[in-house]
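Visitor: I am new to this structure, and I would like to learn how to read it. Could you take me through it step by step?

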Amino acid sequence: MKIYILFLFLIIANYTFADEPRVECLFKSENQKFTLQCAENNKWLLKDEKREALYSITENNYSSMSIFISNDGNNIVVINDFVEGHRIAQKTALAFYYKGELKREYKLTDLIEDTTNVALSIWHTTWCLEDFGFEASDSVFSIATYEFNEIRFSTFTGEILQNKKPEPFDNNTLIVRGNFQIANGTKEPKMSVTKYIYGEKQVNDTIIFNTCHFGEGNWTNKILMIKNGIDVTPIRFRKYMF
């Protein structure tokens with residue numbers, strides 16, 4: 001009995017530590033010239049390379065999020081990429097600051113259509129791929145959601161510049177999650193659909209499709225973009241999708 005209790009305790013402890021809160025109180029621009037750090041009075045203080053304070057922003061549980069600072073220090077983007085808890089309807093997803101002024105803020109429900117299109121751990125929710133960040137000029141911030149939406153924002157205003165699904169998506173494309181099996185080198189498995197992200201419901205919730213991206217075995221909870229019976233899932237989503 002003691003051995004059983006110890007074994008159970010170790011399992012619980014492993015899950016607990018695997019999903020600990022994330023706390024970060026210091027962020028730097030890519031060129032290392034600007035630093036944003038937790039300060040007193042519920043503020044985050046931005047300093048330049050001479051350690052001179054330029055401006056501050058108000059704390060809003062940002063220590064559990066990811067913060068990006070442009071290389072000129074003017075633009076700050078906060079992304080809630082590891083949401084605490086599973087009740088996400090009113091949670092902040094993104095906040096855009098320009099020279100310390102909040103320009104635009106988005107709730108998660110502003111950016112995802114179906115709140116079940118997320119990934120859940122014991123105490124956190126993720127809703128976007130892990131390759132978010134500034135584009136080359138720092139004037140644009142880009143993300144991609146689990147709904148296959150690629151969204152680009154102006155870092156000066158926070159306005160959405162582009163929100164679309166990737167090529168070769170069109171209205172006849174399916175985006176689905178499901179399970180399938182590949183055996184004896186077949187290239188046309190039959191997927192049992194468990195979730196429709198985009199597209200019409202299929203007969204008996206099954207799809208026969210052509211793919212060259214999977215080897216033999218049982219594949220579960222895979223999200224694919226299928227067009228004209230062919231797996232056309234973009235590399236970006238194959239690499240980062242849960």
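Guide: We will go from the whole chain to strands, a loop, backbone angles and rings. This is a predicted model, so local features need pLDDT of at least 70 and side-chain atom pairs count only at pLDDT 80 or more, while totals for chains, interfaces and linings use all residues. Residues are numbered from 1 along each chain as its sequence is written, and side-chain values use heavy atoms, with hydrogens and water left out.

Visitor: How many helices and strands are in the protein chain?

Guide: Helices (H or I, at least four residues) and strands (E, at least two) are DSSP runs, numbered from the N terminus. The protein chain has 3 helices and 20 strands.

Visitor: What share of the residues is buried?

Guide: Buried means under 20% relative accessible area, exposed over 50%, and partly exposed in between, with a 1.4 Å probe and protein chains only. Of the 242 residues in the protein chain, 40% are buried.

Visitor: In what order do the strands of the open sheet stand?

Guide: Two strands pair if DSSP finds at least two bridges between them. Here 5 strands form an open sheet with antiparallel pairing, in the order β18-β17-β16-β19-β20. β18 (206-208) and β20 (230-231) are at the edges with a single partner strand each, so one side of each has no neighbour in the sheet. Inside the sheet, β16 pairs with β17 (residues 190-198) over 5 bridges, in the antiparallel sense. Asn-179 stands opposite Ser-192 in β17.

Visitor: Which strands form a hairpin with 5 residues between them?

Guide: That hairpin is made by β14 and β15, and Gly-158 in its turn has a positive phi of about 80°. The strands β14 (residues 150-154) and β15 run antiparallel, joined by 4 bridges. Glu-150 has Lys-164 in β15 as its bridge partner.

Visitor: Where is Thr-173 found, and is Thr-173 buried or exposed?

Guide: Thr-173 is in the loop between β15 (160-164) and β16 (174-182). Thr-173 counts as buried because its relative accessibility is 1%. Contact means heavy atoms within 4.5 Å. Leaving aside neighbours within four places in sequence, Thr-173 is in contact with Pro-168, Tyr-198, Gly-199, Met-225, Ile-226 and Lys-227.

Visitor: What should I look for in the backbone angles?

Guide: Most residues other than glycine have a negative phi, and most peptide bonds are trans. In this model, the peptide bond from Glu-167 to Pro-168 is cis, with omega near 5°. Pro-168 lies in the loop between β15 and β16. Asp-138 is not a glycine, yet has a positive phi of about 70°. Asp-138 lies in the loop between β12 (133-134) and β13 (140-144).

Visitor: Which residues do ring pairs link into a cluster?

Guide: Rings of Phe, Tyr and Trp (its six-membered ring) pair if their centres lie within 6.5 Å; planes under 30 degrees apart count as stacked, over 60 as edge-to-face and the rest as tilted. The whole structure has 16 aromatic pairs. Ring pairs link Phe-68, Phe-96, Tyr-106, Phe-132, Phe-134, Phe-141 and Phe-153 into a cluster.
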